[in-house]
Amino acid sequence: MYLRLIAAALCLAAPLSAQSTEAVTEPKLLSHFPLGGQQGTTFDLKVSGAALQGTHAVWFEGGELSASILKLEKLQAASEEKDKEPEDYLGKEVKADHRAVLRVRVPKTASLGLHLFRMVTPRGLSNALGLQVVSDPIISETARPHQTAEDSQYLSVPAVVNGRLSEKGQRDFYAFRVSRGEELLFAVRSDLGPSRTYQAQAGITLYQRSDSWFDPSRVVRLAVSGPALSWEPFQRYERTRSTGRFALFQRISHRFEAPGRYFLSVGTFTGTGDPNHGYQIRIVRGRSSAPRQVLGKLAHPDPGDWLERDSATLRQLGSFQRPLEADRLALLHYRSGRAPFNGKPSAPAESVSSQGNSSGPSSDHASRIETAPEVEPNNSFDRPGTVKIPGLIEGRIQTPGDIDLFRFRAEAGQKLAFEIETPEDSLPHFNPWLKLLDGSGNELVSNIYMEYGGDGDDVNKTVERKTVFTIEQTGSYFLQIRELTSVQGGPRFRYRLLVRPQVPHLGRVEISLGVTPSLSTLIDKTDRINLEAGQAREMVVVCEKEEGFQGNVLLTVDNLPPGVQAWVSTAAGWTETLMRGIQYRPLGVEVVSPRHHRPQRSATTLVFWASPDAPITGAPRFLELKARPVVDGWVGPALPAGRIPFLAVRPAEETQVMTSRR
Amino acid sequence: MVLRQPGHSIAKFLAILLICLVWNSGWVRGQDTAAPPTLLSLRIVPEDIHLSGLNPSQQVLVLGRYSDGLERDLTGASPLLLGSAEMAAVGKQGQLTALAEGNTTVQALVANRSATAGLTVQSLKTPPPFSFQHDIGGILTKRGCNDSSCHAGVKGRGGFKLSLNALDPKEDYRWIVKGGIYQVMSLESAGPESPRIDLSQPENSLLLRKPTLLLPHGGGERLTAGSSDYRTLLDWIQSGAPYERRDSEAEVERVTLFPEERVLDAEGTQQVLVTAHLADGRTRDLTHQASYQSSNEEVVTVTDSGRVRARTTGETTLIVRTAGHTVSARFGVVSEPFHADPSPPPHNFIDDFVFGKLSRFQIPASPLSSDAEFLRRVCLDLTGTLPPPGRVREFIASRDPRKRTKLIDALLDSPEYVDYWTFRFGRLFRVAAGAVGGAEHAYTYWRWVWENIAQNNSYREIALERLAAQGYGGPSRHFLSYGEEAKAADIMPEEVRVFLGRRLDCAQCHDHPYEQWSQDQFWGLASFFGQISRTEWTGFGASVLFDDPAGRQPDFGESAETVKVIHPRRKHLVKPAFLNGQAIASEGIGHPRREFARWVTEHPYFAETLVNRMWGYLFGRGLVDPVDDFRSTNPPTHPDLLKALAEDCRRNGYDLKQVLRRITRSRTYQLASTPSESNRQDTLNYSHFIPKPLEAEVLLDAISQVTGVPEIFENGQGGQAPPGTRAIQLEVPDIYPSDFLQMYGRPNLLQIPDIKASPSLNQALHMLVGKTYTEKISRKGGRLDRLIQEDASHGEVIQELYLAALSRFPSSLELAELESTLRNSSDKRRAWEDLMWSLITSREFAFNH
């Protein structure tokens with residue numbers, strides 16, 4: 001049975017609650033090994049963490065994998081130090097005090113990708129760790145030390161290896177053979193526990209023999225193409241939505257000109273290592289099967305993860321590679337709340353995939369978008385390409401310094417939006433620089449936004465995926481697009497530029513934001529809710545209103561268990577700090593007006609409350625957060641806005657008694 | 001752990017023994033007893049004398065070539081004889097003053113030798129065209145008025161500002177004729193403008209009354225009333241103090257100095273000639289209108305009239321200033337000329353220049369180094385790595401006549417070469433987490449340096465890429481110090497210093513006080529960097545660098561003016577301009593740094609700076625030293641060699657390996673480090689290889705290598721570099737704290753490092769009791785441990801340790817003494833440890849020689 005609360009939230013006036021503190025006794029997973037398995041196999045998984053006593057189940061969020069608990073042991077004091085984690089986001093020290101052995105079953109049909117799992121304990125759900133499911137056979141790292149090229153472990157390509165960086169400074173060496181001209185793709189993923197920084201991410205280095213005069217057995221690095229430092233999708237226990245982190249040599253593609261034996265080593269940039277630091281390497285042939293499509297990518301992403309623009313603060317990175325759907329206008333109209341809606345709960349057929357699933361809305365908007373392929377040369381005002389509104393330009397920065405120009409006609413008062421997609425490469429390697437020019441070539445607006453950020457006195461310029469502008473005079477206009485730098489261009493610098501009328505709509509709905517006690521840093525406060533009977537838990541929701549959306553947003557929570565309700569809370573004192581932080585204007589100084597590049601943002605707080613007699617829930621569940629645009633008395637469709645793992649648990653005292661009896 | 005106590009008897013004995021044996025083995029070259037030199041030939045300089053204009057004069061030199069190889073100044077030894085005596089007056093010191101027009105000859109006679117020069121006198125009634133810069137500025141220069149310590153100082157003196165050596169005559173003219181009080185940061189006068197000349201009563205002009213002390217003058221008396229210069233100034237004021245030059249042909253294109261290089265014996269003197277070359281092809285003698293300065297008056301002194309006199313053995317530079325020009329010459333003083341040329345046969349052009357100068361300067365070269373000495377030297381210089389004992393044995397035993405050349409090639413192709421030169425250029429380019437705003441960014445920058453060195457990319461391409469770097473890759477991080485855009489006025493001087501070897505920093509606030517660089521030039525160059533901007537991509541300090549025509553945006557609290565390139569005196573927006581004032585071409589406006597990079601890499605300074613830097617790495621000092629401080633007052637010791645090396649470098653596509661190959665193949669590089677009695681004093685002419693201390697990282701690696709115990713580098717993030725990582729291999733060195741490296745001079749790289757290491761008490765103490773020395777020696781699994789396991793004999797241990805540490809076999813004397821000492825020791829292990837300690841704390845070990 002589902003209890004359900006409709007929290008009508010007029011977002012601008014939405015109240016916020018006081019900041020909560022995460023319960024110290026909540027179970028927390030710190031590390032696991034191995035990091036994944038093959039489809040159709042069963043393997044044992046070792047997990048360490050804190051407050052895992054009484055763990056009775058393992059919950060896979062996607063529901064495809066299953067696991068049984070073979071062993072759960074409390075760690076001795078001596079080994080606690082080994083698993084000691086310095087700090088989590090809230091500044092608390094977390095030590096591993098339990099270790100479990102799980103037997104994991106991966107069906108043949110399991111989706112490829114990262115499957116998040118949590119431990120179910122009497123104190124509630126743990127945070128999530130990820131298990132990577134791959135199709136290739138998995139090799140385990142040999143027990144024999146292989147920290148030099150001479151001692152390296154031999155691999156036959158293709159290969160997936162589960163290994164561990166147990167010691168500080170450890171680099172594991174593997175050997176493999178290639179034929180002349182063969183191209184291999186290498187990828188590695190680390191177990192980044194809750195407190196490991198991105199610098200603990202394992203990276204790959206390739207080597208070949210050197211015939212050094214000093215030491216003929218020495219191996220030397222291979223120079224590989226591509227950037228050393230990249231920005232990779234990042235899923236960590238408290239961040240399961242679109243975000244990323246730095247990685248050094250996490251992915252390498254290399255063509256071997258000479259046949260023979262080569263080596264790769266795995267280690268972290270800063271040389272960290274401990275017994276719980278696992279990694280997974282994948283080596284495949286050829287260019288087509290890009291490893292990034294598997295390693296680290298969620299098998300079951302949150303359907304509420306709507307990407308409209310890149311924003312570090314709201315953790316929505318990677319929007320430039322978000323496909324511009326053929327029915328983009330229909331999708332936006334669907335989120336606008338303009339269409340009549342009967343107020344009934346959303347049926348599955350009504351839901352909209354945020355990433356290009358066009359099955360939700362039905363509209364003829366899509367058919368009106370014409371594609372305008374770029375025709376070179378188009379870099380001068382006397383030979384521009386042309387585009388109609390709405391229109392989709394498909395072009396490419398052919399060479400470094402290439403500039404593409406397109407002309408279009410617009411009417412006075414026309415509100416336009418320009419959205420860019422860069423399908424093959426994205427920031428920071430391809431930074432599309434868009435300028436709207438008037439008929440005389442004068443710049444009216446660009447997709448460079450400037451605001452104060454950093455420590456408050458730095459101007460941050462950002463390249464924006466979306467720019468909006470209202471035309472003042474009827475006439476011809478130009479769109480100029482180029483790479484921000486003048487040193488990059490080529491086949492991968494492909495772009496799609498959608499020129500369309502603005503559609504006021506509900507944009508991203510971000511959940512779980514909070515600030516640290518010092519009010520200095522935005523943090524995730526809630527990646528799960530473990531609620532005791534009679535207690536309450538807050539959750540912050542930030543709504544983005546795009547392109548002049550003036551309506552309200554109705555927030556609903558589905559799938560609440562019996563005895564649990566969700567309410568809207570009053571604003572907490574730190575609301576203003578939170579909002580200023582989100583707006584990136586802590587000093588209230590704008591360099592560039594945000595009207596072309598920023599939505600209106602407003603925050604509200606939901607309070608989840610379990611009544612004193614609320615029964616515990618035996619199995620975890622997702623609370624489904626939905627957002628409905630409300631305009632002119634019309635209530636729009638229920639748009640997925642996020643999901644929160646939930647468990648109703650016994651009070652702490654009761655749990656302790658039960659655990660000790662057991 | 002074994003602590004080496006200073007009083008430990010065996011260690012002390014061994015240390016003393018080694019010092020005695022190793023460093024007192026220099027050879028003493030016998031000196032021939034020479035007969036007095038005889039005059040071989042005579043010549044007159046200039047060979048053709050042309051005089052014109054009102055009262056023209058010319059300093060004439062009579063020079064004699066002697067049997068000892070020296071050319072001596074004989075001017076004044078006998079009077080000059082004119083073919084037509086009425087044409088000119090002849091001074092005692094060889095000064096000719098024209099009296100009548102015509103052609104004749106000038107003859108000198110000394111000790112039965114004669115020389116003749118031609119003399120042409122014409123246009124005696126035609127006054128030479130007037131030039132404010134040279135006629136008035138020349139006097140101010142000669143009299144020291146526009147010296148940096150006087151009115152050409154940063155703020156001027158007493159409110160009166162002149163440009164250094166009359167480099168900016170229009171400004172000088174303004175402050176003299178219009179007057180006013182100079183301000184550093186403004187064009188305006190600080191007070192009412194009052195001319196420093198008086199056109200109605202010229203004799204009352206401040207310009208005359210101050211230097212003649214008719215009015216109090218802080219600079220003392222600079223002019224004598226009625227002197228020639230006084231009259232010139234007075235005439236100029238009386239004629240209305242004009243500035244305009246009516247005859248552009250009178251412009252001085254260049255000034256030359258004769259001789260450019262001269263060796264004097266202990267009693268020697270030399271009059272110099274300073275000649276202005278005018279645009280119309282004529283010349284003008286400025287010998288008596290120039291200002292002279294010896295860079296080292298212990299070596300030579302110079303009179304106001306340009307006569308140089310030897311004082312003690314050595315070499316120095318004579319700096320000569322005229323209006324708008326500074327020139328220099330090198331002077332050497334030898335104690336006793338030698339008669340034979342002992343230099344080895346030259347191998348390439350480097351030897352031609354070096355040995356040629358040694359010959360001219362009468363300095364004998366030391367013999368070629370031994371194979372062992374060469375092996376150690378070249379391994380350390382090209383790879384920062386000691387040769388393994390096996391390789392030492394092999395090299396010394398080899399009879400291949402080309403083994404040195406083959407070794408150089410093998411080293412240049414080794415991965416250790418890549419390690420070492422990545423380290424060196426990483427240091428020059430300031431690859432450090434603290435310098436680029438994060439360890440991961442420093443790593444990408446390091447990676448870029450590594451790839452360039454590993455692939456031996458052209459240094460020109462490296463410079464082009466770094467200077468014009470954009471985007472997110474390694475070299476772009478250099479422009480984001482502390483994660484923010486570098487300021488134009490900070491980054492430009494660094495680029496010029498690294499790639500053009502000039503230090504412009506002073507010119508940021510004012511015209512350079514000692515050099516020709518003006519504030520306008522500084523800001524013109526700085527403006528090339530005025531468009532640097534960045535996007536903040538993730539909010540976590542990741543930025544994409546690009547040139548934005550809108551420029552950098554002001555930080556909070558900054559005005560838009562402060563972030564644009566504004567001339568601090570003139571207060572206007574500065575447009576990019578090269579040193580000659582030329583503006584950027586229209587097609588390059590959007591990419592100013594690319595234009596700057598092109599200009600830098602095509603400039604003659606670029607190759608000179610590179611080869612000088614590489615020379616400095618190998619010899620411990622540059623042909624110009626410091627290697628990034630080229631200036632007219634710091635000329636190269638071997639200017640022709642520098643030019644030839646630069647040309648060779650250009651011809652070979654700025655190939656770093658080729659530069660190193662060229663130098664290390666030269667016999668100059670391969671000379672022994674042991675000096676002779678005759679060249680012991682020489683520190684500038686490469687008569688012998690001068691030992692240089694190992695860099696901190698190389699020393700630490702060498703200790704680890706000899707002891708067989710790798711250093712563990714731990715960082716502040718709870719990790720450590722992979723075992724076996726050497727100090728020169730650390731990718732982001734500043735995240736690895738090291739007391740040893742700190743003590744031995746590791747720079748912090750927040751600015752361009754200056755790594756002239758000097759010994760310290762801390763180092764001495766560390767050698768005695770520091771863990772780097774003591775723990776590594778006794779660590780299990782190290783070299784000594786292995787030798788003990790192998791049950792090696794004393795002789796085998798001595799030989800192995802000598803080969804490992806010093807890359808040579810012990811001499812028979814050393815072997816005998818050490819074996820005897822070790823045999824008498826009751827504790828074999830302790831005795832061996834003492835021997836190893838003595839070796840790695842010896843000067844022979846800690847220096848590359």
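How many helices and strands are there in chain B?

Reply: The model is predicted, so local features need pLDDT of at least 70 and side-chain atom pairs count only at pLDDT 80 or more, while totals for chains, interfaces and linings use all residues. Residues are numbered from 1 along each chain as its sequence is written, and chains are lettered from A and ligands numbered from 1 in the order in which they are written.

Chain B has 30 helices and 24 strands; helices (H or I, at least four residues) and strands (E, at least two) are DSSP runs, numbered from the N terminus.

The domain assignment, whose bounds come from an automatic or database source, gives four entries for chain B: domain 1 (9-25 + 694-716 + 732-848), domain 2 (33-123), domain 3 (132-246) and domain 4 (257-316 + 327-337). Between the C-alpha centres of domain 1 and domain 4 of chain B the distance is 48 Å.

The C-alpha trace of chain B spans about 100 × 80 × 50 Å along its principal axes. Of the 849 residues in chain B, 48% are buried, that is, 20 or more other C-beta atoms, placed from the backbone, lie within 10 Å of the residue's own. Among contacts in chain B with a separation of 6 or more, 64% join residues 24 or more positions apart; a contact requires C-beta atoms, placed from the backbone, within 7 Å.

Turning to chain A, five strands form an open sheet of mixed pairing, in the order 11-13-22-15-20, where two strands pair if DSSP finds at least two bridges between them. Strand 11 (138-140) and strand 20 (251-256) of chain A are the edge strands, each pairing on one side only. Neighbouring strands of this sheet are turned by 20° against each other on average, direction ignored, with axes fitted as lines to C-alpha atoms. Strand 15 (residues 182-190) of chain A runs antiparallel to strand 20 of chain A, joined by six bridges, and A:A187 stands opposite A:R251.

Elsewhere in chain A, strand 34 (residues 494-501) pairs in the antiparallel sense with strand 25 (residues 391-396) over six bridges, A:G395 having A:Y495 as its bridge partner. Six bridges also join strand 34 to strand 27 (residues 415-421) of chain A, again antiparallel, and there A:E421 is partnered by A:R496.

Terms used. Axes are lines fitted to C-alpha atoms, for helices over the stretch in contact, and angles run from 0 to 180 degrees between N-to-C directions. A residue is buried if 20 or more other C-beta atoms lie within 10 Å of its own, exposed if 12 or fewer, and partly exposed in between; C-beta atoms are placed from the backbone. Two residues are in contact if their C-beta atoms, placed from the backbone, lie within 7 Å.
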